[in-house]
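Work through the two exercises below. Each has a task, then a solution in steps.

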Amino acid sequence: MNEYKDIINIYDANIKEEKDYEKLIKFFGVKEIDDIILNNLKYITGDLHVLLRRKFFYAHRDFDILLNKYNEGKRFFLYTGRAPSKSKMHIGHLIPFLLTKWFQEKFNVNVYIQIPDEEKYWEKKADNYEEIREYALEDAKTIASLGFDPDKTFIFIDSEYIKNMYKAAIYVAREINLNTAKSVFGFDDNSTIGLPFYIALQIVPTFFERNIPLIPCGIDQDPYFRLQRDIAEKFGYYKASTILSKFVWGLQGPYTKMSASDPKSAIFIDDDYDTIRYKIFKYAFSGGRGTLEEHRKYGGNPDIDVSYFWLSVLFEEDDNKLKEIREKYIMGELTTGELKEYTAKKIWEFLSNIQERRKNINIDKFMYDGRLAREMWEWEFRI
Ligand code: TRP
């Protein structure tokens, strides 16, 4: 029954092949994001974000229902988050936020971004709480730099905003017993007692509005919102709808982790061009052949190539161009060096924009005095 915890649990995701993603759909009881849903969405939005088009967000809960309700005039809001630790954000961490930003742009709705500074500390994935709090603010700035609307986006750090959240957490915590929490998350006897309570804290923001919460996140986050769905209506709120992504690969190869604590595996948001290029050339696993001669003769394999992976997930938005790269690589016309050079350039184009915007970001607007932020510092949970 609990077999999925071998693939995913509260501490770790262990995807080894594409099949594991199909298994997760079954274990979690979620649905695939298929062309019907994408077409319905595109009918409203005009186009589709590359992360949807390439189906990196591949599963959902009730997103079809949300779209139907939207067409009938019902509103929704966006919610996602990032647990800070003692390391910088890397390109994989951007994924849920980029899709969230796109939804905000298309639907002009409110966005809530939780920065749970207690989560990693309680998980014992970080040891110095004071340090985490500093990183929390840095992460908030990075996230805000993705272009969210400062009057419709509220970014909050749990330890600061807890006074407003606590009443809702009291209600939520009473509804979830330890047995359920264990079977959904796979806590063990060494888990701290903070973690089961944290479940309540991650659910609370789904009650910030009496509209449908739409949550773009990694599929590992789904268990929180499965529990939310069991209790939301009791309090007079809506069940959360989730859009769930796969995990990105680290530089070491297919299905390896991009880990912020291993700079050889990750490209950070604040890396400069030379660093990006160096890491790609030195560490990015390649599907190319051992020698140029062999490569020209037999061609490369894009499906195990980390540079190609990143182009296809996010950095090459042009479908035709991606197809051309794929074909030329398979034919051996495009070399590994050329593919890496191109990938480094595309990633830099993307990150340099974010770095530029970050220099001038006014984070106070998102956290304290933008329109939504001001409203939220007055917010109180009511059932
Ligand atoms: N638990 C998430 C993490 O480990 C952070 C998070 C908080 C989150 N609230 C969320 C993620 C809502 C998705 C949706 O990074």
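## Exercise 1: the ligand shell

β5 (76-81), α6 (119-122), α10 (194-203) and β8 (212-218) each give at least two residues to the shell around the ligand. Helices (H or I, at least four residues) and strands (E, at least two) are DSSP runs, numbered from the N terminus. This is a predicted model: local features need pLDDT of at least 70, side-chain atom pairs count only at pLDDT 80 or more, and totals for chains, interfaces and linings use all residues. Residues are numbered from 1 along each chain as its sequence is written, and side-chain values use heavy atoms, with hydrogens and water left out.

Task: Find which element supplies the largest share of the shell, and which side chains have an N or O atom by a ligand nitrogen.

Step 1. β5 supplies the largest share, 3 residues.

Step 2. Take Tyr 79: an N or O atom of its side chain is 3.1 Å from a ligand nitrogen.

Step 3. Turn to Glu 119, where the corresponding distance to a ligand nitrogen is 2.8 Å.

Step 4. The protein covers 90% of the 360 Å² of accessible area that the ligand has on its own (Shrake-Rupley method, 1.4 Å probe).

## Exercise 2: the lining by element

Task: State which element gives the most to the lining of the second largest pocket.

Step 1. A pocket is an open set of points on a 1 Å grid over the protein atoms alone, where a 1.4 Å probe fits, with protein on both sides within 12 Å along at least five of seven lines; lining residues have an atom within 4 Å of a point.

Step 2. α16 gives the most, with 6 residues.

Terms used:
Polar contact = N/O pair within 3.5 Å; in protein donor to acceptor, adjacent residues only side chain to side chain.
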